[in-house]
There are 2 protein chains.
Amino acid sequence: MAKYKDPCGSPVFDETFRDKLEQLFRWRRDVRRFRTDQVDSELIEELIATSALAPSVGNSQPWRFVNVADPNRRATIRANFETANADALGNYSGERAKLYATLKLDGLDKAPVQLAVFSDTQTPHGHGLGSRTMPETLAYSVVGAIQTLWLAARTQGIGVGWVSILDPTAVARTLDVPDAWQFIAYLCVGYPEEEHMDPELVRHDWQARVDISEFIVER
Amino acid sequence: MAKYKDPCGSPVFDETFRDKLEQLFRWRRDVRRFRTDQVDSELIEELIATSALAPSVGNSQPWRFVNVADPNRRATIRANFETANADALGNYSGERAKLYATLKLDGLDKAPVQLAVFSDTQTPHGHGLGSRTMPETLAYSVVGAIQTLWLAARTQGIGVGWVSILDPTAVARTLDVPDAWQFIAYLCVGYPEEEHMDPELVRHDWQARVDISEFIVER
């Protein structure tokens with residue numbers, strides 16, 4: 001980031017870049033199988049800095065990153081996932097339950113870097129602009145940062161997996177963060193064991209892609 | 001989108017691409033001043049299709065796009081904004097109120113394309129996977145799609161502005177969408193009148209960027 005030098009004038013993004021960007025969008029994956037190689041900590045800091053180039057409501061910059069390094073806390077988070085995942089499985093039956101049980105839905109076993117991401121609902125930045133009628137836009141700002149980090153990570157060959165099968169209140173307690181921090185995502189980060197263009201849940205017949213035309217209406 | 005052909009094997013994103021991607025992140029702006037030139041409708045459909053390459057919880061694809069074309073509905077949305085914005089101004093005082101009143105916070109006056117984006121909280125896709133303990137991850141999936149669309153639009157020279165100063169319940173009523181659709185964002189889309197690398201709220205001294213190191217903790 002420090003070495004970034006902007007060219008003069010506003011940039012032009014040509015067709016070659018656009019094609020490559022589309023390839024990036026297509027090859028970004030939710031990764032659950034990681035190699036155990038460490039990721040350079042400077043690279044992680046750079047990715048977090050890049051994520052902060054995302055838009056935020058009122059420029060409130062509500063993103064808060066917790067680098068979860070302590071093995072005991074990691075173990076508690078993993079137990080949190082195991083409980084929530086067992087509960088989730090209990091809500092399916094028949095073939096769907098069998099399929100659910102075969103899916104690998106987290107990389108908590110091996111991911112060398114684990115980031116818990118929060119939204120500071122009391123952020124002093126931005127002076128509340130834009131979030132009065134929709135306070136949830138603070139959380140949305142954090143999500144924009146996460147998608148930005150995800151894309152930037154992929155260009156470095158680094159995979160990200162978002163774990164949401166967690167009791168969010170317990171996560172906040174485990175990580176001992178301020179009460180005003182709302183838990184958004186738990187990210188497993190590291191070099192992936194394998195690469196795919198198709199999402200895991202498509203490949204394992206859980207849910208296919210749906211044609212976008214089904215999701216557009218006019219008013 | 002239809003013309004996309006993936007190369008053999010997994011892609012390599014080199015330093016040239018990474019630098020250009022960082023430039024894209026830095027030059028993506030929340031645009032509020034639009035030229036009135038129309039945007040080709042096929043291009044809008046392509047951008048929406050690209051947005052659907054974002055991750056979604058359980059591959060639930062909960063994004064729903066409403067292309068708001070009717071002038072009466074647009075006028076109602078604009079009145080909704082004017083009311084919410086006047087209320088917001090009433091909550092500031094002194095210099096901060098004066099500054100707030102000078103800010104242009106929406107492009108509803110001229111944006112040729114207006115997209116309201118919703119999350120289908122009852123989406124049949126994904127079979128509920130991943131969203132049991134955190135149902136808000138459906139909305140978060142939609143936000144990832146919006147950030148993806150925003151970046152893709154910028155590479156085509158198209159600006160996007162996210163209007164959040166709205167009564168969300170009234171927006172849903174104005175656009176006559178299913179009850180299960182949760183309003184996420186109202187996007188103004190079009191060719192920008194001007195381009196900047198610094199956010200409008202930084203340029204007008206509302207809120208500066210904060211060093212990311214303030215937002216990272218270790219546990």
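Biologist: Let's start with one residue: is Ala153(A) buried or exposed?
Modeller: A residue is called buried if 20 or more other C-beta atoms lie within 10 Å of its own, exposed if 12 or fewer, and partly exposed in between, with C-beta atoms placed from the backbone. Ala153(A) has 25 other C-beta atoms within 10 Å, so it is buried.

Biologist: Before we go on, what kind of model is this?
Modeller: Residues are numbered from 1 along each chain as its sequence is written, while chains are lettered from A and ligands numbered from 1 in the order in which they are written. Local features need pLDDT of at least 70, side-chain atom pairs count only at pLDDT 80 or more, and totals for chains, interfaces and linings use all residues; this is a predicted model.

Biologist: Back to Ala153(A): which helix does it lie in?
Modeller: Helices (H or I, at least four residues) and strands (E, at least two) are DSSP runs, numbered from the N terminus. Ala153(A) falls within the run 137-155 of chain A. That run is helix 5 of chain A.

Biologist: And which residues does Ala153(A) touch?
Modeller: Touching, or contact, means that the C-beta atoms of two residues, placed from the backbone, lie within 7 Å. Leaving out residues up to four places away in sequence, Ala153(A) touches Leu47(A), Ile158(A), Val160(A) and Val189(A).

Biologist: Over how many bridges do strand 3 of chain A and strand 4 of chain A pair?
Modeller: Strands pair if DSSP finds at least two bridges between them. The number of bridges between strand 3 and strand 4 (residues 181-190) of chain A is five.

Biologist: Which residue is the bridge partner of Ala116(A) in strand 4 of chain A?
Modeller: Ala116(A) sits on one face of strand 2 of chain A, together with Gln114(A), Phe118(A) and Asp120(A). Eight of the eight residues of this strand (113-120) are buried, so it is largely enclosed by the rest of the structure. Strand 2 and strand 4 of chain A run antiparallel over eight bridges, and across from Ala116(A) is Tyr186(A).

Biologist: What about Arg64(A): which residue is its bridge partner in strand 2 of chain A?
Modeller: Strand 1 and strand 2 of chain A are antiparallel, joined by five bridges. In strand 2, the partner of Arg64(A) is Phe118(A).

Biologist: Which residue of strand 5 of chain B stands opposite Asn67(A)?
Modeller: Strand 1 (residues 63-67) of chain A and strand 5 of chain B run parallel, with three bridges joining them. Opposite Asn67(A) is Glu218(B).

Biologist: How many residues does chain B bring to its contact with chain A?
Modeller: Helix 1 (15-27) of chain B gives the most to that side, with ten residues. By class the side has 42 nonpolar, 21 polar and 16 charged residues, where Ala, Val, Leu, Ile, Met, Phe, Trp, Tyr, Cys and Pro count as nonpolar, Asp, Glu, Lys and Arg as charged, and the others, Gly among them, as polar. Chain A gives 79 residues, and the figure for chain B is 79.

Biologist: Last one: by what turn can chain B be laid on chain A?
Modeller: Copies are superposed by least squares on the C-alpha atoms of residues with pLDDT of at least 70 in both. The RMSD is 0.0 Å, with a shift of 0.0 Å along the axis, and the two copies are thus related as by a two-fold rotation axis. The turn is 180 degrees.
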